[in-house]
Amino acid sequence: MSQSVTGTTMLRRQIGRKFESLRRAAGLTMEQAAEQLDRARATLHRIENGAEHVRYRQADVQQMLDLYGASTEDSELLLAMTAATRENKNWWHDYVGSGLPRWFQLYIGLESAASRIRQYESELVPGLLQTRAYAERVSRLPSGGIDTSDDETHQRAVQLRVERQALLTRFSPPQLSVILNEAVLRRPVGSKEIMAEQLHQIVKAAELPNVTVRVMEFSAGLHAGMTAGGFSMLEFPRDATGREVEPPVTYIESATGAIYLDKPHETAVYGAIWADMTSRVLNESRSMSLIQRVAEEYSRA
């Protein structure tokens, strides 16, 4: 399958999940929505299932958004995504450099659909493991995605980060594997109390059967993650025959946008980087002991 088709398939399935979520939030069955939109139920079914040959006319998309009472941010996102299917663009890279409602909402949707998430963080605790106090400090840093001068916007961003963590305890949660550079533990973010609470939160999260956290010690020396920086690798559920429906995606975030990589040669590189790091990190037990020890150092300071 060509990469343009594969990418379009993923985009259409993401669009379908978003429309289904909006319809359900509006309290409408598929039959009710079809009647009010004057469209066949089969058409809505194809849209929500990401069928390949659905055509998204802007007027039709807007009609659905109006019926479902979509927010401005959701409307902007879906109008941009559906436009990408018409223009046959490399949609992943179209969102580089756009604001939070675009590139990060795309990631949240993919994250919620993933069956496996692997993350390497060299500087900060991943959002899925952050405490509110830690997230408050991090989200105050200058960024192209959040207006840090607007307190309401800042609080929404923090709340979103906290709410995302329900992903780990939902029914059929993804498998989350995290590798943390030791610097994440050692470099204070806020007060010693904030850091102690944050490290205890990591240990608590790692008790979940679907979460593993391992640490790359300074003494590990040179490792492949040094060439890559932080990244996330997402894999998605397969169909009943075990066939890959959506290709794996590697997500790389910067201060002003994000890059999504889904070409086989790109994801293979990050797979090799991950394999190199896993051969050098502490095992889970020793990682937890180190995190607890550093948390106690903060508590005693």
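Mentor: A crossing is left-handed if the near helix is turned anticlockwise from the far one by less than a right angle, and right-handed if clockwise. Helices are DSSP runs of H or I with at least four residues, numbered from the N terminus. The model is predicted, so local features need pLDDT of at least 70 and side-chain atom pairs count only at pLDDT 80 or more, while totals for chains, interfaces and linings use all residues. Residues are numbered from 1 along each chain as its sequence is written, and side-chain values use heavy atoms, without hydrogens and water.

Trainee: Which hand does the crossing of α2 and α3 have?
Mentor: The axes, which are lines fitted to C-alpha atoms over the stretch in contact, come within 9 Å for α2 and α3 (residues 41-48). They cross at roughly 115°, on a scale from 0 to 180 degrees between N-to-C directions. Because angles of 65 to 115 degrees count as roughly perpendicular, α2 is roughly perpendicular to α3. The crossing of α2 and α3 is right-handed.

Trainee: At roughly what angle do the axes of α2 and α4 cross?
Mentor: Helix α2 covers residues 30-37 and helix α4 residues 58-67, and their axes come within 11 Å. α2 passes α4 in a right-handed crossing. The contact is made by A33, Q36 and L37 of α2 with Q63, M64 and L67 of α4. The crossing angle is roughly 125°.

Terms used:
Helices (H or I, at least four residues) and strands (E, at least two) are DSSP runs, numbered from the N terminus. Contact means heavy atoms within 4.5 Å. Angles under 35 degrees count as roughly parallel, over 145 as roughly antiparallel, 65 to 115 as roughly perpendicular and the rest as oblique.
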